[in-house]
Amino acid sequence: MQTNVFVSLGILVAGTIATAAFVDEYKSGIVWPQPPVIDAGPAPTAPAPVPSDAIVLFDGKDLSAWEGGEHWPIEDGAATTAKGGITSKQKFGDCQIHLEFATPSKVEGSGQGRGNSGLYLMGQYEVQILDSFDNETYFDGQCAAIYKQQPPTVNANRKPGEWQTYDIVFTAPRFAENGKVEKPGYITVLHNGVAVHNHFELQGATSYTEPPKYTTHADKLPLHIQFHGNATRFRNIWVRENVDPLIGKKP
Ligand code: MG
């Protein structure tokens with residue numbers, strides 16, 4: 001009896017691995033035009049200033065605000081991805097996010113294999129991070145794309161190894177009691193100071209294998225930064241929560 005259980009488990013595990021090895025990639029079928037390449041200007045020589053009401057998640061010294069942060073080496077004021085992703089201990093809903101990243105200066109690999117990481121809002125809505133400087137991939141998967149949903153309006157990438165910025169304003173989706181989407185999420189993204197998404201309506205969670213889909217979730221959830229096997233660097237990550245309009249608010 002005991003043996004049979006183990007044999008069954010073995011088949012189940014083998015089956016799962018076999019399935020995982022042959023997962024189908026989701027493709028929207030939309031034929032996007034190539035985002036024009038633009039020059040966003042020179043890389044910043046220092047981290048951007050931090051507003052006084054910002055919650056600092058990484059100041060270049062320690063990643064104690066992140067689960068898994070202990071696995072990312074910190075050197076010269078920057079953390080490098082390693083071993084696994086990191087997840088913020090604090091949870092966020094509507095917010096503004098500033099983040100600085102640099103893809104590896106030594107160019108290796110191609111397409112999705114170059115400087116791949118990603119910022120996941122609420123752990124499930126990915127703004128792609130990739131070395132898209134002279135590196136072709138599918139347009140809704142290039143740097144600053146809302147992964148598999150929307151390419152950036154332009155390719156504002158700086159060269160590999162140079163510091164780049166994301167400034168993001170995010171409105172979290174709202175769900176009704178019955179789990180229906182009451183209001184979708186919205187995202188505005190500036191890449192190196194250039195608007196590449198303007199109040200884009202999120203279609204749901206971003207996935208490599210599935211079409212975008214909303215699943216009811218809490219009002220606030222952690223941020224996540226992806227580890228995708230490439231040594232992408234990060235510095236100066238902060239969040240502001242005070243982004244609600246005053247209109248309609250009671251005095
Ligand atoms: Mg990614």
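**Figure 1. Phe 101 and Tyr 166 are both buried.** Here, buried means under 20% relative accessible area, exposed means over 50%, and partly exposed lies in between (1.4 Å probe, protein chains only). This is a predicted model, in which local features need pLDDT of at least 70 and side-chain atom pairs count only at pLDDT 80 or more, while totals for chains, interfaces and linings use all residues. Residues are numbered from 1 along each chain as its sequence is written, and side-chain values use heavy atoms, with hydrogens and water left out.

A search of the whole structure finds 6 aromatic pairs. Phe 101 and Tyr 166 form a tilted aromatic pair, 4.9 Å centre to centre, with 50° between the planes. Phe 101 lies in strand β6 and Tyr 166 in strand β9, so the pair ties together parts that are 65 residues apart in sequence. Rings of Phe, Tyr and Trp (its six-membered ring) pair if their centres lie within 6.5 Å; planes under 30 degrees apart count as stacked, over 60 as edge-to-face and the rest as tilted. Strands (E, at least two residues) and helices (H or I, at least four) are DSSP runs, numbered from the N terminus.

**Figure 2. Tyr 125, Phe 170, Phe 175 and Tyr 214 form one aromatic cluster.** Tyr 125 is buried, and Phe 170 is buried too. The rings of Tyr 125 and Phe 170 make a tilted pair: 6.3 Å centre to centre, 40° between the planes. Tyr 125 sits in strand β8 and Phe 170 in strand β9, so this pair ties together parts that are 45 residues apart in sequence.

**Figure 3. Glu 25 and Lys 148 meet in a salt bridge.** A salt bridge is a side-chain nitrogen of Lys or Arg within 4 Å of a carboxyl oxygen of Asp or Glu. The whole structure holds 7 salt bridges. For Glu 25 and Lys 148, the N to O distance is 2.5 Å. Glu 25 lies in the loop between α1 (2-21) and β1 (55-58), and Lys 148 in the loop between β8 (125-129) and β9 (164-171), so the pair ties together parts that are 123 residues apart in sequence. Glu 25 is partly exposed, at 28% relative accessibility. Lys 148 is buried, at 4%. Lys 148 also lies over the face of Tyr 138, 4.4 Å from the ring centre. A charge sits over a ring if NZ of Lys or CZ of Arg is within 6 Å of the ring centre and within 35 degrees of the ring normal.

**Figure 4. A salt bridge joins Glu 100 and Arg 235.** Their closest N and O atoms are 2.7 Å apart. Glu 100 belongs to strand β6 (residues 95-102) and Arg 235 to strand β15 (residues 233-240), so the pair ties together parts that are 135 residues apart in sequence. Glu 100 is buried, at 1% relative accessibility. Arg 235 is buried as well, with a relative accessible area of 9%.

**Figure 5. Lys 106 forms a salt bridge with Glu 108.** The closest N and O atoms are 3.4 Å apart. Lys 106 is exposed, with a relative accessible area of 60%.

**Figure 6. Met 122 and Asn 236 have positive phi values.** Met 122 lies in the loop between β7 (117-121) and β8. Met 122 is buried, with a relative accessible area of 4%. Asn 236 lies in strand β15, and is buried at 7% relative accessible area.
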